[in-house]
Amino acid sequence: MMVASKIAFTGSIIDPEAMREQNERYQKEKIARAALPTCVEKNDISPVMTLILDEAAREQGRRDAISLLIKFDDISCIDPIRNHTFRNTEFEQKCNLVIIELLKNNFLKECQFCAELVKAQAKKCMHCKADL
């Protein structure tokens, strides 16, 4: 005699909404991976950011996106990357190295107190007025 609760065997139930969301995410990843080779020429950073911030994306696609990030020389990507929680520490470290390089190329640094971007030669943060 089998004994089971109400929730027994519910693991095999397919949720159509979850499947639709998973398919949409996969399609966005596929489009972003296809756009990577030409995104630098088109100056379109969105495929790069899509792959970097998608934790479910394939690792090789994320590595390729991180390597392209420095070619854009765009500091607008810093805040989304800093606010993202990476599950893979390798990607987080690579992104941090790219951010350091971007800041250096743009003669900027991050205030250690308020995290705002200030000029590299600044002695005082113009946002929080802290001495740097």
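Biologist: Where is Glu29 found?

Modeller: Glu29 sits in helix H1, residues 16–42. Helices (H or I, at least four residues) and strands (E, at least two) are DSSP runs, numbered from the N terminus. This is a predicted model: local features need pLDDT of at least 70, side-chain atom pairs count only at pLDDT 80 or more, and totals for chains, interfaces and linings use all residues. Residues are numbered from 1 along each chain as its sequence is written, and side-chain values use heavy atoms, with hydrogens and water left out.

Biologist: Why is Glu29 called buried?

Modeller: Its relative accessible area is 2%. Buried means under 20%, exposed over 50%, partly exposed in between (1.4 Å probe, protein chains only). So Glu29 is buried.

Biologist: What makes Phe113 exposed?

Modeller: Its relative accessible area is 54%, so Phe113 counts as exposed. Phe113 lies in the loop between strand E1 (108–110) and strand E2 (117–119).

Biologist: And why is Glu55 buried?

Modeller: Glu55 has a relative accessible area of 18%, therefore it is buried. The residue is in the loop between helix H2 (46–53) and helix H3 (59–72).

Biologist: Which side chain does the side chain of Glu55 join in a polar contact?

Modeller: That of Arg62, at 3.2 Å. A polar contact is a pair of N or O atoms within 3.5 Å; within protein, one must be able to donate a hydrogen and the other to accept it, and residues adjacent in sequence count only if both atoms are side-chain atoms. A polar atom of the Glu55 side chain also lies 3.3 Å from the backbone nitrogen of Arg87.
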